[in-house]
Amino acid sequence: MIYEVFRQERKGQAFQHAGSITAPDDAFAEAYAREQYGRRQESVALWLVPRAALRHVSDFPDELQKSYHRVDGYSLKAKLKEARERAGTAAPRDR
Amino acid sequence: MSERAQRLLEIADDELVLGWRDSEWTGIAPFLEEDVAFSSIAQNEIGHARALYELAARDLDTTADELAFDRAPEEYRCAPFVELRLLDWADTIARRVLYEAADTIRLEALKADPDPELAGLAAKMDREEVYHRLHAEMWADRLRDEPRFRAAVDSLWGQALGVLEGELATVLADRMPAQLGWTPAQAAPAPRNGHSDGFRALWDEMTMVRRSIPGASW
């Protein structure tokens with residue numbers, strides 16, 4: 001069975017994916033994860049998750065390029081420039 | 001040599017030599033994850049040896065390295081059990097299981113020792129040994145009914161008893177059947193005097209680099 005291993009480097013920090021290990025059951029997985037991801041004191045905690053328990057989600061279609069969902073889809077610079085021109089005020093650095 | 005130094009050297013030599021033997025599986029253990037874990041445990045045992053040598057070195061006015069690598073083969077006090085060159089995985093796991101059981105009993109006694117330095121070091125080692133024990137017990141549980149494993153335990157049992165002395169060996173003999181789920185075949189304890197045939201070759205290899213440039217600072 002494959003287990004995905006997440007490790008926490010310091011208390012309070014987010015767990016990050018560290019790698020995976022192959023083990024016949026939870027107990028062996030713990031022993032192996034301890035030795036591979038903890039023996040150098042590089043982790044304060046580990047999460048071991050059987051890969052089968054992970055629900056994989058991918059493929060996010062954007063057929064119609066709805067760029068307004070994204071921050072970079074809205075060009076603030078251009079809009080600001082237009083607004084300033086309409087209001088007759090210069091950009092801060094030009095004042 | 002003080003009784004305390006002798007005791008420390010016995011345990012230190014056991015840990016060093018077993019760590020050395022177990023590290024021979026690095027790269028050739030049955031599968032990758034076990035290879036990494038087994039090598040790491042072997043390194044841990046050598047770390048315990050270092051701590052024990054350091055304490056003994058203070059008593060004997062020498063250094064841990066000199067104790068570990070500069071003594072003559074006949075001066076090492078390890079049990080023949082840890083010296084055995086076991087080329088079969090079942091034998092190797094059987095030795096780990098038996099050694100951890102014996103070492104647990106030895107550490108329990110040491111933790112209760114009136115000497116605070118001994119007791120303190122034993123407590124530190126014990127906290128790491130917990131995970132060695134878990135590893136050994138998991139394998140023992142899994143292989144409990146495998147004829148090869150049972151034969152390996154039977155063949156090593158007398159040697160394992162020799163790790164402990166007197167009353168402590170009796171504790172091991174009393175405990176092992178419950179842990180294994182069966183009773184190992186009766187065997188006479190192999191005493192801790194003298195070495196097995198393979199020890200000289202092990203010593204040659206273990207001290208080879210250090211002997212290559214005597215007195216060098218590494």
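Of the 95 residues in chain A, 15% count as buried, where buried takes 20 or more other C-beta atoms within 10 Å of a residue's own, exposed takes 12 or fewer, partly exposed falls in between, and C-beta atoms are placed from the backbone. In chain B, buried residues make up 39% of 218. This is a predicted model, so local features need pLDDT of at least 70 and side-chain atom pairs count only at pLDDT 80 or more, while totals for chains, interfaces and linings use all residues. Residues are numbered from 1 along each chain as its sequence is written, with chains lettered from A and ligands numbered from 1 in the order in which they are written.

**The two chains side by side**

Chain A has 2 helices and 3 strands, and reading along its sequence gives β-β-α-β-α. Helices (H or I, at least four residues) and strands (E, at least two) are DSSP runs numbered from the N terminus. The radius of gyration of chain A is 25 Å, well over the 12 Å from the globule rule for 95 residues, so chain A is more spread out than a compact globule. That radius is taken over C-alpha atoms, and the rule is 2.2 Å times the number of residues to the power 0.38.

Chain B goes another way, with 9 helices and 0 strands. Its radius of gyration is 17 Å, close to the 17 Å that the globule rule gives for 218 residues, so chain B is as compact as a globular protein of that length.

As for contacts, two residues touch if their C-beta atoms, placed from the backbone, lie within 7 Å. Among contacts in chain A between residues at least 6 apart in sequence, 42% join residues at least 24 apart. For chain B, residues 24 or more positions apart account for 77% of the contacts with a separation of 6 or more.

| Chain | Box of C-alpha atoms (roughly) |
|---|---|
| Chain A | 70 × 35 × 15 Å |
| Chain B | 50 × 40 × 30 Å |

**The sheet in chain A**

The three strands form an open sheet in the order β2-β1-β3, with antiparallel pairing; two strands pair if DSSP finds at least two bridges between them. In general, strands of a sheet pair through backbone hydrogen bonds, parallel or antiparallel. β2 and β3 (45-50) of chain A stand at the edges with a single partner strand each, so one side of each has no neighbour in the sheet. From one strand to the next, the twist averages 30°, using axes that are lines fitted to C-alpha atoms (for helices over the stretch in contact) and angles from 0 to 180 degrees between N-to-C directions.

Strand β1 (residues 2-8) of chain A is joined to β2(A) by 6 bridges. Along that pairing, Y3(A) stands opposite I21(A), and F6(A) has H17(A) as its bridge partner. On the β3(A) side, β1(A) again pairs antiparallel over 6 bridges, and there E4(A) partners V49(A).

Side chains in a regular strand alternate between the two faces of the sheet. For β1(A), the covered face holds Y3(A), V5(A) and R7(A), while I2(A), E4(A), F6(A) and Q8(A) are on the uncovered one.

**Where the chains meet**

At the interface, 11 residues of chain A are in contact with 8 residues of chain B. The elements giving two or more residues to chain A's side are β2 (16-22) and α1 (26-37). α1(A) gives the most, with 7 residues. By class, chain A's side has 6 nonpolar, 2 polar and 3 charged residues. Ala, Val, Leu, Ile, Met, Phe, Trp, Tyr, Cys and Pro count as nonpolar, Asp, Glu, Lys and Arg as charged, and the others, Gly among them, as polar.

**Helices and loops worth a look**

Helix α2 (residues 32-60) of chain B has 29 residues and should span 42 Å at 1.5 Å a residue; its end C-alpha atoms are 41 Å apart, which agrees. The expected span is 1.5 Å times one less than the number of residues.

After α2(B) comes D61(B), in the loop between α2 and α3 (64-69) of chain B. D61(B) is not a glycine, yet its phi is positive, near 55°. D61(B) is exposed, with 6 other C-beta atoms within 10 Å.

Chain A has D59(A), a non-glycine with a positive phi of about 65°. D59(A) lies in the loop between β3 and α2 (76-87) of chain A and is exposed, with 4 other C-beta atoms within 10 Å.
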